[in-house]
Amino acid sequence: LSPRGYDPIAALHGGEPVGRKIMNVLGNSPHDLGSRSGLTNLALKTEFAKLYGSESVKEAAAGSASDEEDTIGNRAGLINREKLLAWCMSTGLRRNSRLNAVLSPCIVDESSRQEDGTIQIKPNTQTRFFTDDTQHGLCIVLGLAELLGFDLERDMPQALYVVRRLQKWMKKEFVLPKEKVTAGSKIVSDAKDVSETSAPQAFGVKTVQELKRFLQLDVFSETHELNAEGVLKNSGLMARL
């Protein structure tokens with residue numbers, strides 16, 4: 001979703017390099033999808049409005065199409081060759097012999113034991129299959145999207161659906177359930193257990209400017225601006241002044 005020049009934010013698809021190359025060749029890179037969906041432009045407009053006011057945005061957008069908002073977000077035809085890519089993915093998953101050795105972590109539900117000895121199993125939500133991909137995966141993406149001003153229900157319905165379903169099994173609230181969402185509420189920021197995730201909101205980051213400052217923090221607690229000022233004050237140039 002990031003504009004050109006911000007590659008480290010969203011340049012990686014993940015997975016195999018060949019798959020990423022194919023996506024890029026087909027025009028489905030993060031830059032391409034962000035531009036075609038209108039989400040990149042929306043994020044830039046949102047930040048511009050926060051910095052200079054909404055009236056400035058209206059003036060800058062004068063003469064643009066009035067139905068622009070209707071074309072923003074996820075929609076049919078957004079992904080080039082979507083049916084072909086879906087077939088390739090499903091075929092690859094079905095035929096990948098390495099996945100046969102990957103078992104889904106489950107636990108036995110003793111309360112379900114029947115007289116004939118049969119019992120039920122349920123997913124083990126304490127494993128990395130859940131904790132890594134939910135709190136420290138999808139929640140980060142949803143948190144960034146909310147921070148950039150996107151409508152999660154409209155723009156990221158699949159990701160939101162997955163997190164809501166998994167958090168029920170985990171008895172957590174990483175995002176607001178659909179029935180709790182009201183006008184003005186924040187799906188990620190207002191969630192009860194957001195502090196257990198790695199979403200920006202868990203660190204008190206709720207605006208783009210705060211995110212920029214947060215990403216500039218030094219892991220060794222070095223304050224580069226103060227260090228630079230100290231060097232400048234002790235320099236020969238400042239001594240002559």
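Me: Which residue's side chain has a polar contact of 2.9 Å with that of serine 29?
Reply: Heads-up, this is a predicted model: local features need pLDDT of at least 70, side-chain atom pairs count only at pLDDT 80 or more, and totals for chains, interfaces and linings use all residues. Residues are numbered from 1 along each chain as its sequence is written, and side-chain values use heavy atoms, leaving out hydrogens and water. A polar contact is a pair of N or O atoms within 3.5 Å (within protein, one must be able to donate a hydrogen and the other to accept it, and residues adjacent in sequence count only if both atoms are side-chain atoms). At 2.9 Å, the side-chain partner of serine 29 is aspartate 32.

Me: Is serine 29 buried or exposed?
Reply: Serine 29 sits in the loop between α2 (17–25) and α3 (30–37), with helices (H or I, at least four residues) taken as DSSP runs numbered from the N terminus. For accessibility, buried means under 20% relative accessible area, exposed over 50%, and partly exposed in between (1.4 Å probe, protein chains only). Serine 29 has 9%, so it counts as buried.

Me: What kind of aromatic pair do phenylalanine 203 and phenylalanine 214 form?
Reply: Rings of Phe, Tyr and Trp (its six-membered ring) pair if their centres lie within 6.5 Å; planes under 30 degrees apart are stacked, over 60 edge-to-face, and the rest tilted. The count by this rule is two aromatic pairs. Phenylalanine 203 and phenylalanine 214 are 5.3 Å centre to centre with 40° between the planes, and the pair is tilted.

Me: How many residues apart in sequence are the parts that this pair ties together?
Reply: Phenylalanine 203 is partly exposed at 47%, and phenylalanine 214 is partly exposed too, at 31%. Phenylalanine 203 belongs to the loop between α10 (157–170) and α11 (208–215), while phenylalanine 214 is in helix α11, so the separation in sequence is 11 residues.

Me: Which element gives the most to the lining of the second largest pocket?
Reply: A pocket, on a 1 Å grid over the protein atoms alone, is an open set of points where a 1.4 Å probe fits, with protein on both sides within 12 Å along at least five of seven lines; lining residues have an atom within 4 Å of a point. This one has a volume of about 310 Å³, the space filled by probe spheres set on the points, which are joined across faces, edges and corners. Its lining has 16 residues, with Arg164, Gln167, Lys168, Pro177 and Lys178 nearest the centre. Seven residues of the lining come from the top contributor, α10.

Me: What is the phi of lysine 171 near?
Reply: Lysine 171 is in the loop between α10 and α11, and at 72% relative accessible area it is exposed. Its phi is positive in a residue other than glycine, near 55°.

How values were computed
Helices (H or I, at least four residues) and strands (E, at least two) are DSSP runs, numbered from the N terminus.
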